[in-house]
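Here is my note on the model, as numbered points. Please read it alongside the sequence and the coordinates.

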Amino acid sequence: MKHDLVNNAAGRMVVTEINGQPAVPYKGIGKYHPEGRKAAPPVPTCAEYPQDGDKVVGDLTSALQKMGLRNGMTISTHHHFRNGDLVANRVFDAAAELGVKDLRWFPSASFPCHAPLIEHLDSGVIHHIEGSMNGPLGAYASEGKMRGLGVLRSHGGRYQAIQDGEVHIDIAVIAAPTSDPFGNCNGVTGPSACGGLGFALADSQYADRVIVVTDNLVPFPCVPWQIMGNHVDAVVVTDKVGEPEKIVSGTTNITKSPDRLLIAELTARFVEAAGILRDGFSFQSGAGGTSLAFAIFLRDMMRERGIRARFVRGGSTRYLVDMLEEGLTDYILDGQTFDLAGVQSMRDNPRHIHTNPFVSYNYHNKGNIASMVDVVVLGATEVDVNFNANVVTHSDGRLLHGIGGWQNCLFSKCTILPIPSFRDRIPVVVDEVTTLCGPGELIDVIVTERGIAINPLRQDLIDATKHSGLPIRPIEEIKREVESICGGVPDRPQLTDNVIAAIKWVDGTVIDVVRQVSGQP
Amino acid sequence: MKTKAEAGRAGTAVRSDCCVGIEMRDEGGIAIELRSKVDTLYGRSIRALVTELCMHFGMPHAVVTIDDSGALPYTIAARFEAAVRRLRGDDVPPFLLPEREGIRRPGARDRFRRSRLYLPGNDPKLAINAGIHGADGIILDLEDSVSPVEKDAARLLVRNTLREVDFGGAERMVRINQAPMGMLDLDAVIPQRPGLILMPKVETDRDVLAVQERIDGIREREGIEEDIYLMPIVESAKGAVNAAAIAMASPAVVALAIGLEDYTADIGAERTLEGRESFWMRGAVLNAARAAGVQAIDTVFSDVDDMEALFESVREAKALGFDGKGCIHPRQIAVVHRGFAPTDAEIDKAKCIVRAFDDAERSGLGVVSLGSKMIDPPVVKRALRTITLAVKSGLLSEDWMEVGDEA
């Protein structure tokens, strides 16, 4: 596809049209203020629904048929089962069976388990994907094989796009570990319990039609009702909606790598030296090995100094759950459970609070939790000397990860990226990121095994840690050292002019694009 | 003559290494088949290096296959050279990339050797970042961690590692094999000026002398002026009996180390956690070391998950008089340093002695006295070392004399 490109406020050449709709180039942080009223679903009438509350439909195919599935519609699914989702693939198998074409898949995230959808992309059932593209789907798109332009949004950006009408969902299909016939459902009970269903909240409120798929139908009322049945059109009972053991997707163990442990320890020491570690503070760290190790180091410091956090933001794991139970934090505000201990705690502990992208991340809110967090620790595939970071492509230009809540979390009071300065021979600290996902203004600190670099914009952090004895160095110096170790400045990936995906900023503007890698047809 | 050979490792579990295959041809020039995860970023650079290697070894016609898992240039060169030597024997000129500047730092006989981190000599991935963990010494091991069929390849990789990888302030150590293979190890590594050679399974002073003689020969040939120290490892009954002679065999010996795995097998005992079976031997080696005026270094602690037991083991070693402990995981280093750190009482006593020494110096007295007691020079020396260690361990500020601490 040929696209007209313009230079956006970050100096990136981006598209002005996405799949036939106009798109606004990135204008800078907090600079875009759209007006008007929010989108709304059609007005339903309860008289059209069964008075006894029983909305159970025989199977997914007939439910989709009943909801009026037809060519060109937008279908959404959600990733609370992460790599253990069994529903999205079945939705499109059903669509294929019904002979429907050109659907837009609008998942909250995709995982390698969705690789079978490539067949439906090839056959024309799915036109294109708007959502994170992990693993095989990312590779498929990178090779220029997808018909439409992919759109990657943060969790908050997805909410924003639904609320301001950028994306209109025709049919939302919500996989629920427990539901009643009315459609009240949750993710914390039942044999497939996986945690919260927060990623489906916007879909339940704004989609034209909502189908709940469950493998554990209970009599009314299903409590807690994380999704309210009042939004739901139909309930489908199936044998299994997901494999909750796969929410542990290999990243939720503490790293054993001595280098990563060192990075995690330096990060915790930095947080202490910067004066962030004090009674009543808050932090968020993800489920990657280094982030978990950071939480453990921080926990030990908190124990030693008798410090208690007011809240910790999850991705929850058993490590955070232990901290909650030990009284090291008053609350876990949890957007996504990353292991089964997290699921159980969310169900049983009233201080383990289920959150969603609405309360945490949404650009069209009157404020968000994310910006109230004292310190957040996040990953990245690349960071450049201006502290810009990339999370979606590898240095070879291939689309391999989603944005998740990453962009939204950058609004924390202190954003730290603990990253190795290079992986094998792949430099992580570089001159210019391959794809811009997070502007450097929002990234305060990078912690590598070869030293800590503080963004010059954060003079307060520079001053606070001046006499800490921590290995604080200019980012350019770390970059030069990395290049010297790796054997020189790396070549840039060979990319074609063909744009295959747009990267949205949290406000819906286009911050960058991803191009097709060369050497592919 | 063989026409095909390979060296190195490849596969999904391998990182920072590569497998180089070379097939000699009579014509057709150089063909490079590269499979690399960094092809996009460094494919050009890898191909240029391979071409340079072919020229260096006089191979105008060859098919070179590189199965690369992100190996750095010095590793690719080491693997290539190992393959060439497997084809042609050892009579080829070594291929040496330029040495990284500033990675050799001056050594000192009596520097601290609290922690020494063992790295398997044939695995590049652990060496690249070994210097960032603060060990007093880093050992590139050619002995037990390297399988007999890879000794040749490991030797070249260790040689190249010594030229390229910056181990920060750590002493650059190599553990060689026993003779005769150890002599080939020395030929490869001594020109790269390691700080110290660990000698395994030393049983007599003649073992030390043979190594010393070989090193002296290489030093003379290469014009090496830097000190290269020796740390013999005693790990047999015979070695323990001869410990004093071993420690005094050469002025280059700066420390005696012990290895308990082999020793307990040798005396027919079972190795226990308490280590009663090796108590005599540890005492004997320590005493021999002290008699020779060299450091005594304890064995490695092999349970990498039990940091508390490691700490206890270090405290015990310190109480017995040992100066150092072996580490097999970087996370052990900080624990070992904490274990060897002087106690508050030791620091206070040392401060008194150093102050008294300082007073005596200033008033031009030849004799140092504390109260009514005279203090011998070795005691002052030991106190100074305790102070240095306290500063190094973060327990005492460098300017403690000026600051004063009575307040």
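1. Two strands pair if DSSP finds at least two bridges between them. Helices (H or I, at least four residues) and strands (E, at least two) are DSSP runs, numbered from the N terminus. In chain A, strand β20 (residues 382–384) runs parallel to β25(A), and 2 bridges join them. Val383(A) has Val429(A) as its bridge partner in β25(A).

2. This is a predicted model: local features need pLDDT of at least 70, side-chain atom pairs count only at pLDDT 80 or more, and totals for chains, interfaces and linings use all residues. Residues are numbered from 1 along each chain as its sequence is written, while chains are lettered from A and ligands numbered from 1 in the order in which they are written.

3. The open sheet of chain A has 3 strands in the order β21-β20-β25, with mixed pairing. Its edge strands, each pairing on one side only, are β21 (389–390) and β25 (429–430) of chain A.

4. Domain bounds come from an automatic or database domain assignment. Chain A has domain 1 (52–247) and domain 2 (258–490). Their C-alpha centres lie 30 Å apart.

5. Contact here means C-beta atoms, placed from the backbone, within 7 Å. In chain A, 32 residues of domain 1 are in contact with 32 residues of domain 2. On the domain 1 side, α4 (135–142), α5 (155–163) and α6 (201–206) of chain A each supply at least two residues. The largest share, 7 residues, comes from α5(A).

6. Chain B is assigned domain 1 (4–88), domain 2 (115–340) and domain 3 (344–403). The C-alpha centres of domain 2 and domain 3 of chain B are 31 Å apart.

Methods. Two residues are in contact if their C-beta atoms, placed from the backbone, lie within 7 Å.
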